[in-house]
Amino acid sequence: MFLIRQRQDVHISLTALGRRRSTHHRKPSLMTPFLTPPPGPAASTTPQRSDVAGLLATAAFAAALLSPLRHYVGPQKKVQRDKNKHDSFPISTYPMFSADRAGRIVVPHVVGETADGERINLSYRLYGTGGLNQVRKQVARAVRQGHADTVAQNYADALHRYGNPEEISEVLVVRSRFIFSDYFAGDRRPFAENVHARCAPGGTATLCSPGILARPDSDTSMKDR
């Protein structure tokens, strides 16, 4: 009993001593002045040159993003024309999908014609090494700029150089109008076409007068549809 009592007294004494020490403030360390950051200068409310430059850059970027909105001002016909012409990027209406095709489409392309009048669609690889869309755009641009004879010459030279298994007698560069209802019903012939250039394999290409040629079994002109 005496030992237990003595241990309790020692425990109480140590606890009281710890409490007294915890109430005393620690002495300041020699490193305290070095660890405490000095008070900084008061923040300036005057705009700095870098702030003005940042605001100008942000305003210019916002103006560039919103600039396509100018194509949506004016009469509806003008808006429809301008937004399709400029594509209104980045506020795009994706005219390649949303434009009204009115049930028809005009396609510049190249065909081969045999001696008996059969039409054969020629591969785009005869014109260039690019993909289909790249060659298609090049052909369309050449026809639009009046250089359809260059396209016909390149196709005819390729046939003459690499062989002519289909026995094509003439290469034609045409702009054909297709009617969707006829085409998807199984009639793949163009409703009407415009021949821009022609060339025989091994010959010299010539430009043609851009006259409208209606399909033989059609009594409706190309402009009517």
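Phe 61 sits out in the open: with a relative accessibility of 56%, this residue counts as exposed (exposed is over 50% relative accessible area, buried is under 20%, and partly exposed is in between, using a 1.4 Å probe and protein chains only). The model is a predicted one, so local features need pLDDT of at least 70 and side-chain atom pairs count only at pLDDT 80 or more, while totals for chains, interfaces and linings use all residues. Residue numbers start from 1 along each chain as its sequence is written, and side-chain values use heavy atoms, with hydrogens and water left out.

Phe 61 belongs to helix H3, residues 49–66 (helices are DSSP runs of H or I with at least four residues, strands are runs of E with at least two, and both are numbered from the N terminus). Together with Leu 65, Leu 66 and Leu 69, Phe 61 makes a nonpolar surface patch of about 390 Å². Patches are built from residues with over 30% relative accessible area and no salt bridge, joining nonpolar side chains (Val, Leu, Ile, Met, Phe, Trp, Tyr) within 5 Å and like charges within 9 Å. Accessible areas come from the Shrake-Rupley method with a 1.4 Å probe, and for residues only the protein chains shown count as cover.

As for the overall layout, the protein chain has eight helices and six strands. Read from the N terminus, the order is α-α-α-α-α-β-β-α-α-β-α-β-β-β. Of the 225 residues in the chain, 24% are buried.

Next come the charged pairs. The whole structure holds four salt bridges, each being a side-chain nitrogen of Lys or Arg within 4 Å of a carboxyl oxygen of Asp or Glu. One of them pairs Arg 119 with Glu 113 at 3.2 Å, N to O. Another pairs Arg 119 with Glu 193, with the closest N and O atoms 2.6 Å apart. Glu 193 lies in strand S4 and Arg 119 in strand S2, so this pair ties together parts 74 residues apart in sequence. Arg 119 is partly exposed at 37% relative accessible area, whereas Glu 193 is buried at 9%. A further salt bridge links Glu 170 and Arg 198, with 2.9 Å between the closest N and O atoms. Because Glu 170 lies in strand S3 and Arg 198 in strand S4, the pair ties together parts 28 residues apart in sequence. Arg 198 is partly exposed, with a relative accessible area of 28%. Through shared partners, salt bridges join Glu 113, Arg 119 and Glu 193 into one network.

Strand S4 also holds Cys 199, which is buried at 1% relative accessibility.

Strands S1 (104–114), S2 (119–121) and S3 (168–179), plus helices H6 (132–144) and H8 (180–183), each supply at least two lining residues.
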